[in-house]
Amino acid sequence: MHTKTRDAKKLRGGVRAVIACIIAFAVVFTQIKVEAFAEEVVKYWDRERNEQVTLKTEDVTAVTDGMTTIGDANSTAPKWYVVKGDVTVNERINMAGNVHLILADNSKLDAKKGIAVLKGNSLIVYGENKEVTTSTGKIIAEGDNGDAGIGGNLSKDTGNIKITGGKVDASSKEVASIPQYGRQNESGAGIGSGLRTGDGGGSPFTIEITGGEINAKAHSGGGIGNNITEEEIGTIEIKGGKITARSEYGAGIGSNSSDPAGNIKITGGEISSSSFRGAGIGGGDEQELDSISTIEISGGIVEAISDKGDGIGIGKCNKDIEHEPKAGVFTTGENGKAIIKALTNRKEQNTDPKLSKPTNIRNRVNESSWKGIIFEENIGKVYGDHELGWDLTVTDKESLIVPEGTVLTIPEGKTLTLNGTLSNSGKIRKFGTITDEGKVSGTGKFLNTRYDKPVAVRDFKSGKLTGLDANLSYVITPKDGIEQTVNNPAEGKTDIADEWFGKALSIKVKEDEGKLESQPQNLSIEARAEAPEGLKAEKESVSGRKDGKITGTTDKMQYRFSTSTEWKTCSEGAVISLAPGKYLVRITATDTAFASKSAEIEIMQGESIGGGYWIGASSSQKNEKDDKNKTENTDKASAPEKASAPEKASAPEKAEVSIEAKKGKNKTATAKISEKTVEDTITKALEEAKKNGKEAEKISLEVKVDMPKGTDKVKVNLTEGALETLTSEKINNFTIDSPLSKMEFDKTALSEIKKKSKGNILLNVTPAKKLSKNVKKITGNRPVYDISISYAKGKKNINALGKGSIKASIPYNLKKNEKADGLYVFYLDKKGKVRKAKGSYYDKESGAMVFNTKSLAVFGIGYTKK
């Protein structure tokens, strides 16, 4: 008995041991499988999609030691390659076709003689992750014998290069002599063109950098540089990354020695660009041709320094040159946000009178429209309203100036470190950090205190937000919607707008001259229930009786006449004794739910009883009235007719004329309204009125502009004489009607335009371009027009109309899934923010959105689902 028990225990123990082994094996096998599968993918960071993308290993080729050709010259399809671990190639690597190169973490590609990207081929470099760290993959590429570190070969045209991530160390070695070309002590670019000789080379191409850490240097080529020809210009575009670019005789970023710069556009990144004799950013030394390109720096933090040339402009010129070459146009873009430090270290004046002294920024034709913060020497200046996008340190040798009429904003999370001084004559808004505020001087405003966060409350029954301060103004923005300003809400309450229901609201106290805007209160507004169903209308039995009905109601509903503001409680079953017209019916609000959406019900008028009798009159009354009418009619018929004076028109007489526009440049329909056209049209209208027995005191003039086929914008030239006539006493208003828009100017608006202008006036209606993502989301594919009035051949704009007003309309056909009351007109303010035009509505009869405005701007049509 005991023996059996012991055997059974041994058996159970053995089974447990076997099971444990199986489980352990399964765990180990699973881990092996997971690790194996994990190695079968390649990852890279896609900056355009802002996400890490995974590729299968079979779709990617590994770069190996000694591989001198990467890609497929016979195909334009993307070919993917990856660098893993340390890879060394002793000869120059040739990129063939469309190459996408991934630098895996902890990898290094050492290209001993650089990387060739020649005309017709392209290279895009990716890092594995978004940020650059100590483990980020790296390329080391050193060009020799006139070849670029990455880019063109000696006298060979260059292809396109794009760097989105990873670390890139690219240089072109100075060569003492290139005997076949008689060249000495020269090089190609660090990234860009190879050395150009008399045999050609330097065809324009594109270098684009969106991320990564780049160190590019050269001797006579640009650190990051391209050659240009007299016919074509290449482009360098930097959107992000940390970049150090240096050249001795070429530009830090720009062209190689002896060449003017191609187009340069910088919208982001941390950039340090310097040269000994070339420009920090711009042309190389001894530039021979005038530059016809543009240098635009609208974003990022950018340093441009030269020892002998311009900070931004051209390099040092040879004294034997026939004339000093021109620098490319420098601009900061429409909404520049860059921090720029431009400096030349050369202080002495050139001895040759043909040559001017090197400057920090040479081309200043656009200085009045510069935006951002620009340091020249040790003095920085804020141009336009600027919000810091980067931390900024003003050194102990520097000073920063905020001029009158300018606003400097330090947002949350950003720091302005003041080791030097800040002189404020404008306004400083401090949400973030300013170290040592004691170094801020001047008479400007310094706002550093915020209003308290609002504590608004939903009131379901009234459909209002309550708990606001009647002495303050608020900015309320629904998620994915348009912000609205509520000024001094009466009793601390404001109606909840239709477009706020079912949305999360951001509510902030608006900034004023005393305090900064508050932190936002986030408040969700519940959606309204759908409109009640099953309602029916019964018309009047007889006209005037006012006995119409709405049936299908309950005592949990409310109704009101469409033009009234007073809601009344419905009766159970039906609402009776109603006059003809449109009514709204909704479910009544409760303590926890808003009133529902409204159903629109129309009660039709009953039929009239003939003879004009009132309802309820007796037969004898009708006969007496009939006899009286007959008598009166007889008397009138027998009386002699008297000559009557012309009737004075109570409304302005309408005068119309059509003008056929001509097709001009860029699909523009151009039309001219002359003084003669205006006067002839007015005269004709007055004569017609007189023929009809009217004496017109005022004229309402309308000009219809017919646009020819193939045009999508309109330009109307209103001559000075025509405007003079339009502001005379006999004109009441003036309308220009085109297929794009209809604009009715009142008399005050016309007078304001005349007062502010000189010479002919141009009215332009143009489809708006370069819209932000938010605006595109709001408008969809509905019309958006830039409407402007200008004079001096379009060089000077008139934006505000004082107390004048324009009644405007934009044609629009309702879509199947749209309701008229969901449409609205918006405009873009000076900062490009979307603002809702008050009182806009859809006119079904004309098929257009109608609105009033006192200023000119970009106007578009938006929609809120009801």
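Biologist: Is tyrosine 44 buried or exposed?
Modeller: First, a word on the ground rules: this is a predicted model, where local features need pLDDT of at least 70, side-chain atom pairs need pLDDT 80 or more, and totals for chains, interfaces and linings use all residues. Residues are numbered from 1 along each chain as its sequence is written, and side-chain values use heavy atoms, without hydrogens and water. Buried means under 20% relative accessible area, exposed over 50%, and partly exposed in between (1.4 Å probe, protein chains only). Tyrosine 44 has a relative accessible area of 4%, so the word for it is buried.

Biologist: And what is the relative accessibility of tryptophan 80?
Modeller: Tryptophan 80 counts as buried too, because its relative accessibility is 17%.
That value is to be held against the limit of under 20% for buried, and the value you asked for is 17%.

Biologist: Which kind of aromatic pair do the rings of phenylalanine 734 and phenylalanine 745 form?
Modeller: A pair of aromatic rings is described by the distance of the centres and the angle of the planes. Rings of Phe, Tyr and Trp (its six-membered ring) pair if their centres lie within 6.5 Å; planes under 30 degrees apart count as stacked, over 60 as edge-to-face and the rest as tilted. Here the centres are 6.3 Å apart and the planes are at 25°, so the pair of phenylalanine 734 and phenylalanine 745 is stacked.

Biologist: Which strands hold phenylalanine 734 and phenylalanine 745?
Modeller: Strands (E, at least two residues) and helices (H or I, at least four) are DSSP runs, numbered from the N terminus. The two residues are eleven apart and link distant parts of the chain. Phenylalanine 734 is in residues 731-737 and phenylalanine 745 in residues 742-746, which are strands E66 and E67.

Biologist: In what sense do E66 and E67 pair?
Modeller: Two strands pair if DSSP finds at least two bridges between them. E66 and E67 have five bridges; in one of them, isoleucine 736 has methionine 743 of E67 as its partner. The sense of the pairing is antiparallel.

Biologist: Which helix packs on the sheet, touching E66 and E67?
Modeller: Contact means heavy atoms within 4.5 Å. The helix touching E66 and E67 spans residues 747-756, and its name is H5.

Biologist: Which ring lies under the charged end of lysine 836?
Modeller: A charge sits over a ring if NZ of Lys or CZ of Arg is within 6 Å of the ring centre and within 35 degrees of the ring normal. The charged end of lysine 836 is 4.7 Å from the centre of its ring, which belongs to tyrosine 824.

Key. Axes are lines fitted to C-alpha atoms, for helices over the stretch in contact, and angles run from 0 to 180 degrees between N-to-C directions.
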